[in-house]
Amino acid sequence: MELLNAENLVAIGTAVLGIAASGVMVWYERRVPRRKRIGYRVQMDNPIGDDVRSGRANVRLGLFDEAPVMADATLVLLRVENDGSQGIDRDDYTGPEAHGLTAVFTGRTIRGVSVTQPSHADHLMDHFTAARGFGYEGGTLRIPRVPLNRGDHFKLLVLLSGGDVGDAIRLTGGLRDGEVHPNRSATPDDKAPVFSRPARVFTALLTASVLVLAGIIVLRDGSRPPIGCERGTLTVVGSTAFAPVLRTLAREYEKDCAGADITVEARGSEAGVKELAAAGARSAERARSVIAFSDGPMGDRLGLRQWRRPVALSVFTLVVHADVDLGPQGLSRKELNALYDGTVTRWSDLNRAGRHLPDLPVVLVSRDAYSGTRQILQNGLLDQRWEMAPTTSLDCRPPARVTARTPVTRCELGSTEDVLAKVAEQPGALGYSELGLARERARAGDRKDGRGLRLVAVAGEAGDVRRIEQEGSAYPYRGVEYAYTHGAARPGSLAGSFLAYLDEGTSRIAIRDHGHLPCAERQDLCGEAPPRPE
């Protein structure tokens with residue numbers, strides 16, 4: 001074997017560059033820890049009055065010449081943008097006021113403001129209302145808590161009087177785990193460079209090395225599948241809460257591994273483990289092509305405990321219709337139990353000092369008995385370990401006439417997505433969901449037509465994956481996602497390969513992206529170490 005062939009030399013060079021890049025990234029992470037950033041730029045600051053103190057006299061017609069405050073008027077175009085690496089939610093603004101940011105035009109007085117947004121972000125305008133803090137006084141402009149996806153921006157065209165062109169303009173505000181900072185001035189839609197010139201050259205060299213190495217490998221043998229790939233068919237059943245992760249990983253595995261066919265059929269945790277156990281009772285060989293995922297160890301009582309493996313820590317949350325604002329304290333354990341045992345039938349029954357809830361009937365939107373999300377709620381939060389209120393409705397709607405003796409309305413639905421949709425639609429509804437999907441639906445909700453939902457804290461503790469991982473939060477509504485097989489997964493089988501794939505780096509990233517914590521990285525939070533692949 002020739003050690004100094006072209007492929008090995010490129011591989012060594014690529015490895016050296018990769019190590020150097022890792023060192024640079026470690027330095028960057030230590031020196032620049034904040035990733036949520038709001039940048040602002042003054043893209044125009046021009047005089048429109050006849051006062052020539054700025055040295056730029058102009059000719060004016062119409063309103064510019066007739067209005068008395070226009071003698072020393074100026075127009076400013078201010079661009080506000082999310083130039084960080086993460087999206088920014090309304091709750092990421094940390095100021096005590098209703099608004100999120102403050103723009104100060106030193107020495108000038110604001111006469112009017114116009115807001116514009118890019119065509120692809122038509123939701124931003126909904127936040128610029130007086131109720132959300134939008135307004136101005138003197139030279140100070142209050143900007144609402146506007147959620148911004150990565151790369152989103154909006155512009156403020158401000159008419160001012162007094163002062164001079166070039167007087168200081170500052171944008172301030174608090175941002176959790178982030179900062180508000182000025183960017184360089186630019187033409188209206190020019191984007192500031194993300195990397196310096198040396199960084200771009202370094203990145204180009206590293207990319208070229210990797211492409212050369214990949215080209216050599218492909219040219220030598222283009223038919224070789226990625227390491228660990230297996231062919232065949234596999235059925236993944238169980239948890240609807242974890243189903244979005246599984247669908248993503250199944251697609252990625254099929255993309256990387258030709259000949260693999262993975263079907264995800266999510267009908268609930270208990271339904272999944274029962275299906276696996278039944279398949280094993282009929283044919284042990286056929287059951288080897290089935291994996292069941294469960295919120296919590298629901299397969300243990302079916303004799304599958306010895307073949308379970310923890311995959312992820314899942315965090316769940318209670319959700320209510322947008323009309324029910326429970327505040328940062330949410331529900332106490334006592335209130336939660338009173339709701340689910342049917343003692344409290346109207347939200348106004350939970351009113352106390354500082355909290356005024358609407359006089360709406362409570363509607364309990366629950367999962368069916370096969371749901372692991374429901375089992376974790378019962379085992380972790382409810383004293384009676386069961387949702388005691390009986391099912392009284394098929395469509396999750398309270399009766400037209402409600403009296404003091406009318407029992408609480410309760411319905412059961414088959415999936416997490418169905419629960420979220422019904423809670424967002426039905427006034428007075430209370431339900432539960434996996435945290436990541438609930439946050440996504442809460443952000444996407446439109447409260448203008450009576451739809452929308454809110455996430456609910458438990459005894460003042462809100463569901464937060466980051467706080468659980470980094471700060472040791474004791475938030476109770478969480479549980480381990482388990483994968484069950486019937487018998488040990490055989491080496492060389494598609495089931496064994498897919499389970500091993502769940503522990504790989506790219507799969508861990510996907511698990512985190514969906515709001516879960518990989519057990520392969522946080523065994524302490526999952527309660528046990530995942531078994532090594534056989």
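When the bonded cysteines of the protein chain are numbered in sequence order, the pairing reads 1-2, 3-4, 5-6. The model is a predicted one, and the structure holds three disulfides. A disulfide is a covalent bond between the sulfur atoms of two cysteines. The table lists the pairs with their computed sulfur separations.

| Pair | S to S distance |
|---|---|
| Cys229 and Cys257 | 1.8 Å |
| Cys396 and Cys411 | 2.0 Å |
| Cys519 and Cys526 | 2.0 Å |

**Cys229 and Cys257.** The sulfur atoms of Cys229 and Cys257 lie 1.8 Å apart, and the link between these two residues is left-handed, with -65° about the S-S bond. Cys229 and Cys257 are both buried.

**Cys396 and Cys411.** The disulfide that joins Cys396 to Cys411 is right-handed, with 100° about the S-S bond. Because Cys396 lies in the loop between helix H8 (372-381) and strand E15 (409-413), and Cys411 lies in strand E15, the pair ties together parts that are 15 residues apart in sequence. Residues under 20% relative accessible area count as buried; Cys396, with a relative accessible area of 0%, is therefore buried, and Cys411, with a value of 0%, is buried as well.

**Cys519 and Cys526.** Cys519 and Cys526 form a disulfide with their sulfur atoms 2.0 Å apart. The torsion about the S-S bond of Cys519 and Cys526 is about -90°, which means that this disulfide is left-handed. Cys519 is buried, as is Cys526.

**The sheet.** An open sheet of four strands runs in the order E5-E6-E3-E8, and its pairing is antiparallel. Strand E5 (135-137) and strand E8 (169-172) stand at the edges with a single partner strand each, so one side of each of these strands is left without a neighbour in the sheet. From one strand to the next, the twist averages 15°. Strands of a sheet pair through backbone hydrogen bonds, either parallel or antiparallel. Strand E3 (residues 101-105) pairs with strand E6 (residues 140-143) over four bridges in the antiparallel sense, and Val104 stands opposite Thr140 in E6.

Conventions
Residues numbered from 1 in each chain as written. Predicted model: local features only at pLDDT ≥ 70, side-chain atom pairs only at ≥ 80, totals over all residues. Heavy atoms only, no water. Disulfide = S-S within 2.5 Å. Buried < 20%, exposed > 50% of the residue type's maximum accessible area, 1.4 Å probe, protein only. Helix = DSSP H or I, 4+ residues; strand = E, 2+ residues; numbered from the N terminus. Pairing = 2+ DSSP bridges. Axes fitted to C-alpha atoms, helices over the stretch in contact; angles between N-to-C directions.
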